[in-house]
Amino acid sequence: MTAVDLAQNTLDGLMVGASYALLAVGFTLIFGVMRRLNLAYGPTIMAGVYLGTAAFISLGAPTLVVLVVVIIGAALVGLYVERLCFRPFGEGARAASMVASFALWMQLEEAATHLLPQHMNPFPPLLATQPLEIGPLLLRADHLVMLAATLLIAGAVTYLLARTKLGLAIRAVIDQPRAAAIVGIHVERVMMLTFVLASAIGGVAGFLIAATDGQVTHMIGMWATTKGLVAMMLGGLGSVKGAIAGGLLLGILEAHAQWFLGPQVRDMVAWGLLFVLLAFWPGGLMGAKALDRTMAVGRRV
Amino acid sequence: MLDIQDIVTAYGKIEALKGVSLAAAEGRITCLLGPNGAGKTTLMYSIAGVLKPRRGTIKLAGADITGQSPASIVARGLALVPENRLVFPQMSVAENLEAGAYQRRDSAEVAADIERMYARFPRLKERHTQLAGTLSGGEQQMLAVARALMSRPRILLMDEPSLGLAPLIVEEIFRIVGELNKDGVTIFLVEQNVHMALKVAHHFYLMEQGRVTFSGEPGKLAEDEVIQRAYLGTSRKTG
C-alpha cells in the first residue's frame, strides 16, 4: 500500500462516484416529492440509454444526438412510470407504488431485450483520448467530463430549488404536501414535473456511464437502481447535498475495496454499507431530520 | 360569501358529514363549534377542495366551487389556516410567506405584502430567516395566518387557531381575528375555545356527529349549554 495507490484509488473512486451522485440526485428528488420508492428508476434510465444506443447502432447518430435521445427517452419513460405507478395511488399506498414500479422494471427489461436482443451493445464513447498524467497519477478525460457534468447539474438543481418559483413549489411539496395544496400549488403537476426532471437527470448519468464504458447491457437498469439507492441512503433521503456526498463516498469506498480486497468484493461493499446504514444509522449522513420528518408524516397520515 | 348546502363527505363508507348546510355572511365572523369528531375539520377540508364531497354544493360568492381543486379555490379568494398550522417546517419564515403568495404574479406587490405581514406580526419579522419548524407554537400560528393572508383572500377559513396555545397567545390570535375582520376579511372559524369564539363571532353554528344542530347569534344559547354541547355533544351516551 503506497500513498500513490491511495491517491489513485481515491481519484478513480471520485470519478465513478460522480455518476453515483448524479443517480442519487434524481432518486432523492423522486423520493422527496413522492415519499415512495421508485424501483423502476434504474430501468427508466436503461430504457433511455437503450433508445440512444439503438439510434447509434441503426442510424449512426452522433454522440450529441445520442445524448439528446437518452435524456428525452428517460424523461418520457419516467412520465410513463409516474402515470402508471405513482399518480393512481395515494401516499397511503406506498407498497402499491413500489410493487407497481417493480412490475414496470420487468416490463422495461423485456422491452429492452426486444429492441436490442444481443446482451452487449456498443455505445458511442465520450472522449477517446489518452489518460492525462498528473505527476504519478492517471486521470481519464471522460471521467473528468463526468465529474464536471455532475457538479454542473448539481449546481443547476440547487439553483432551481433555492431560487425559482418551481423550486419553491417542489420544496413545499417535499416539506408539507397538504399545506402545499392549501396554498394553491398544483401538487400533482409539481410531482409529475419533478419525476420527469429526475428521470432526465438519471438519463444524463446513464449516458455518461455507458459512454465511459463504451458499451451497455440491460443490467445497467438494476445497477443504476441499486447504486443510486445506496448513494441516496448514504447521504440521507431527500437532500441534494447528501446525495452528492453519498455518491462520491460510495465511489471512493468501492475503489479502495476493489484495490485492496479484489474486484469481487466491490459490489459487496455497497450492500454491506446499505445494511450497516439501515441497521445503525438510518438517517444517513445529512438526512437524519429528513427521515424523521418522513416517518413523522407517515405516522400522521 | 360562503354558502354550503347539504354537504356529505365520507371516508370510505363512513360519512363524516351527513348533510351539512350553513353560510358565512360577507364581512362577518362566523364560528363553528362542536366536539372532537363532529366533522369540523372534514368540513374545512371539503370547502378548501382538499377533500371531495360526495354530495351537496359549496358556493363562494355565488359561484359553485364544489369538487374544484384547492388551487382554483385559492384563486377564487378563499384561504385556509389549517388545523395544526401545517407550516413548511424546513423553509424559512420568508419562504413560507412567499409560498402563500404562490398563485400571484405581481411580485412587487407580494414583497410589499410580506412587509405588511411583518408590520402586523413583528415576531415574524424578527425571525424571517429562521426555519418555520423551529418557531414556537404561537409563532407558527401567526405564520400560518400570515401565509394564508398572502393570497389576499376574500374569506379566511381558520381551523382551531387556538389549539395547544397558551392563554395569552390565544388572546393575541383572537385580537388579530377581530382586526382582520375590521379590515374587511370575512372569517369562518372553527373553534374549541367556546368562550373566546362567542366573544368575537357574529353568528355561530353548533355541529355534532356530522350534522349542524344549532344556528344563531351569541347570546341565543346560554354559554354553558354551548360549552356542554360543543365539548360533549348532546347525544353522547353516559354510563
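Author: In what follows, Ala, Val, Leu, Ile, Met, Phe, Trp, Tyr, Cys and Pro count as nonpolar, Asp, Glu, Lys and Arg as charged, and the others, Gly among them, as polar. This is a predicted model, in which local features need pLDDT of at least 70 and side-chain atom pairs count only at pLDDT 80 or more, while totals for chains, interfaces and linings use all residues. Residues are numbered from 1 along each chain as its sequence is written, chains are lettered from A in the order in which they are written, and side-chain values use heavy atoms, with hydrogens and water left out.

Reader: How many nonpolar, polar and charged residues does the lining of the largest pocket have?

Author: Sorted by class, that lining has 16 nonpolar, seven polar and nine charged residues. Among the 32 lining residues, Glu91(A), Pro177(A), Arg178(A), Ala181(A) and Val50(B) lie nearest the centre of the pocket.

Reader: Why is Thr217(A) called buried?

Author: Buried means under 20% relative accessible area, with exposed over 50% and partly exposed in between (1.4 Å probe, protein chains only); Thr217(A) has 16% relative accessibility and therefore counts as buried. Leaving aside residues up to four places away in sequence, Thr217(A) touches Tyr50(A), His119(A) and Met120(A), where contact means heavy atoms within 4.5 Å.

Reader: What makes Cys85(A) and Cys31(B) buried, and how many disulfides are there over all chains?

Author: Cys85(A) counts as buried because its relative accessibility is 1%, and Cys31(B) because its value is 0%. A disulfide is a pair of cysteine sulfur atoms within 2.5 Å, and by this rule the count over all chains is zero.

Key. 1 Å grid on protein atoms, 1.4 Å probe; cavity = no way out; pocket = protein on both sides within 12 Å on 5 of 7 lines; lining within 4 Å.
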